[in-house]
Number of protein chains: 2
Amino acid sequence: MGRVKLQIKKIENTTNRQVTYSKRRNGLIKKAYELSILCDIDIALLMFSPSGRLSMFSGNKRIEDVLERYVNLPEHERGRPNTVVSQIEDLQLEVNKFRNKVEELEKKLRIFEGDSLIITSVHQAEYHEHVLEEALNCVRSRKEVLEQQQDLTSNSSTEQIFCHMQNVHSNGFLATSPHHAADWLSQRDTQSDIFNFLDLNGLLPLRSLKLDDI
Amino acid sequence: MGRVKLQIKKIENTTNRQVTYSKRRNGLIKKAYELSILCDIDIALLMFSPSGRLSMFSGNKRIEDVLERYVNLPEHERGRPNTVVSQIEDLQLEVNKFRNKVEELEKKLRIFEGDSLIITSVHQAEYHEHVLEEALNCVRSRKEVLEQQQDLTSNSSTEQIFCHMQNVHSNGFLATSPHHAADWLSQRDTQSDIFNFLDLNGLLPLRSLKLDDI
DNA sequence: GCTACTATCTATAAGCT
DNA sequence: TAGCTTATAGATAGTAG
């Protein structure tokens, strides 16, 4: 629709391409406008000019509303997977995962914080008793060490304490003695295996400490 | 461009509107196609027919890529806030919140599961000792009850146990005695207040049991 | 909802300012 | 770079199937 018939292929002359873009973009927007009024429809038109500038059109609705209507369409009506929606769904799944994790951890904590009613068998009770006794031993040993430190205020060396239940490392330990640290690491893996075994077989009422997180 | 000039206003005749939509939609898509080729640009066109069916066009890029290019534009270039992006950001924040919560709970659990090194003062140690002792008392009382139940296999009544640290209710209790349940609830609020007070003032080394969650 | 026809209206390519 | 002009290609309203 001009003086000559135009081949539909990329216009190589940059200036010409820009001019044609400008003219046809306006024509397209005009047609989109007419369609939206005549037929009373939702429409969204996005164009990026050869130089990257955005032009857009939407009818009575905001362009976001039209895009939202599009992304909320079931996949078979849209004809393609929706990356934005699936990203949101992935995040929602992650939120749910964490929500469950928090619930699980709070349930575990309840045992220690006084609610013994979730124990339903003597066997379970004995296990919890054992775990609590060990933890108590650790805390009492720790208290002794701290009391000694309090008394000997001039002593600046770092004290170490190992619990009966599991040898807990300190960062200080690792920092000052790489060699001992290696010993600890190999030992740690064995301990870790034991705990994982107990845990997987339901012998630990509470999931064993995740050593890797320390 | 037809036998008569058409007023640009909604076509009231439904059939006519549908027909016009169909024709003009094709025309619009053709023009969009030509523009995308001639000027080598990104373009996205979304239309919902009067009956709600989606038609769309995009050039060489997938329509999602064009929409993504749009939503990733800085707000001042887009001219409006981006609801999709902010929804994703909100979810990301929630994930982070939960991640922190999990970390916090795991840290608390560590105390009980043997790692006493996070205790740094005698005062703290005494508090943890006290909490563990109370929990141990609860578990031991619970064990006794369960042992009795094991012995009296013919006894079908539900046994109740209350810990020293906090009176924990059981679902059985609430189910069989609404009146006592009310007593418990009023008592529970007081307990809750005490624990919240202790917790807020740093007197509890571990966040008190969330009673509302029971 | 789609195709075909065709008179008529519209968009626009090229050229000019 | 942006508008204007104009000849012409293209789109489409009305109609029928």
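Reader: How far does a backbone N or O atom of B:Met1 lie from a sugar or linking oxygen of DNA strand C?

Author: This is a predicted model, where local features need pLDDT of at least 70, side-chain atom pairs need 80 or more, and totals for chains, interfaces and linings use all residues. Residues count from 1 along each chain as written, chains are lettered from A and ligands numbered from 1 in written order, and side-chain values use heavy atoms, without hydrogens or water. The pair is a polar contact (N or O atoms within 3.5 Å), and the distance from B:Met1 to that oxygen of DNA strand C is 2.9 Å.

Reader: Which helix gives the most residues to the surface near DNA strand C?

Author: B:Gln18 places a polar side-chain atom 2.4 Å from a phosphate oxygen of DNA strand C. Two elements each give two or more residues to this surface: helix 1 (14-38) of chain B and helix 1 (14-38) of chain A. Near means a heavy atom within 4 Å, and a helix is a DSSP run of H or I, at least four residues. With 6 residues, the most comes from helix 1 of chain A.

Reader: Why are helix 4 of chain A and helix 4 of chain B described as roughly parallel?

Author: Both helices span residues 83-112, and their axes are 9 Å apart. They are roughly parallel (under 35 degrees) because they pack at an angle of about 20°.

Terms used. A polar contact is a pair of N or O atoms within 3.5 Å; within protein, one must be able to donate a hydrogen and the other to accept it, and residues adjacent in sequence count only if both atoms are side-chain atoms. Axes are lines fitted to C-alpha atoms, for helices over the stretch in contact, and angles run from 0 to 180 degrees between N-to-C directions. Angles under 35 degrees count as roughly parallel, over 145 as roughly antiparallel, 65 to 115 as roughly perpendicular and the rest as oblique.
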